[in-house]
Amino acid sequence: MENHKDVHIAATAAAISYIESHLGEKMDLGRVAAAVHYSKFYLHRMFTRTVGITVHGYIQRRQLTEAARLLVFSAKPILDIAWLAGYESQQAFTGVFKSMYKQTPMEYRGNQAFYPLQLECVLNHHISEPGSGRQWICYATQDDIPAWMDFLPLVVDGFPCLEEREYGKRLEAYVGQRQALAFWDGDALVGAATFSRQAGSIDFLGVHPQYRGYGVAEALLDFMRTHIFGGHGVSITTFRQGDPADTGQREGYKRLGFVESELLTEFGYPTQRMVLLPFVEGVGK
């Protein structure tokens, strides 16, 4: 007999499958809910809890990602791409695209550098409860790189301008220098981090959407502070305040104790450094 968690995952997986099969069409919560035979209220609640964003947000980000792909890898007119992304005018499409990508569609096409806002979310149907003994952290090895690269599309929403091929090259270097951590749930990679001991920075911190309430980020951060940074301060970069492309990473870092630092521009994208202050003797660790 299925438990509630299994039903929730099944409902969300059905919605994702439907959305992915109709990315070139205009969709909303009502249409998706009717197609998968759940109420709008139930689907909205379960989808948001499981994926971390609303059905509307997922549809918009997936359609804009596929539009960006077409801008770089096809010669389709921008108006046609706007229609395929669910927009009734090129002007409306341009406004939303620029708010998320910080470039107009024409500028993005001219730069010829594709990076996604959101890729298909593939759900884990066998989540272990924290403390079950099936979850652990270890230094990543070269053998873990394929699983890491399969994991990457699930967390790409947290990293502006992340280009997969270039990232793969950097990951090999991190792994070779023992500056990459993997968080496993059984044989599923559900959290990962890369860091620089010399710079005192966390360069990548990704958690599978389904595990963002399971303490994975906290466990990875605690491991790094205790075993790598020795309680010293550490920094990370993320979206600036109010960036519509942010699906909650900035607030997540603030909940972990990071505070705002200087504004940056990385790869032409506006970001901000966040800093976690050193342990104070007698407080915390």
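Predicted model: local features only at pLDDT ≥ 70, side-chain atom pairs only at ≥ 80, totals over all residues.
Strand β2 is mostly covered, with six of its six residues buried (under 20% relative accessible area; exposed is over 50%, partly exposed in between, 1.4 Å probe, protein chains only). Strands (E, at least two residues) and helices (H or I, at least four) are DSSP runs numbered from the N terminus.

Residues are numbered from 1 along each chain as its sequence is written, and side-chain values use heavy atoms, with hydrogens and water left out.

**Exercise 1.** Work out which way the residues of β2 point.

*Solution.* Start with the general rule: in a regular strand, side chains alternate between the two faces of the sheet. Now sort β2: A180, A182 and W184 go one way, while L181, F183 and D185 go the other. All of these are buried.

**Exercise 2.** Find the strands that pair with β2 (pairing takes at least two DSSP bridges).

*Solution.* Take β1 (residues 135–139) to begin with: it runs antiparallel to β2 over five bridges. Y139 sits opposite L181 of β2. Next comes β3, also antiparallel, joined to β2 by six bridges. Here A182 has A192 in β3 as its bridge partner. Finally, look at the turn: β2 and β3 make a hairpin with two residues between them, and G186 in that turn has a positive phi of about 65°.

**Exercise 3.** Describe the two sides of α9 and what its buried residues pack against.

*Solution.* Then list the buried residues: Y167, G168, L171, Y174 and V175. They lie on the same side of α9 because they cover an arc of only 120° around the axis (taken from the directions from the axis to the C-beta atoms). The face turned away from them carries exposed R165, K169 and G176. For packing, the buried residues contact (heavy atoms within 4.5 Å) α8 (145–155), β2 (180–185), β3 (188–196) and β4 (201–207).

**Exercise 4.** Say what sits at the N-terminal end of α9 and what follows the helix.

*Solution.* At the N-terminal end, E163 is the cap, with a side-chain oxygen 3.3 Å from the backbone nitrogen of R165. After the helix comes R178, which has a positive phi near 55°.

Conventions. Polar contact = N/O pair within 3.5 Å; in protein donor to acceptor, adjacent residues only side chain to side chain.
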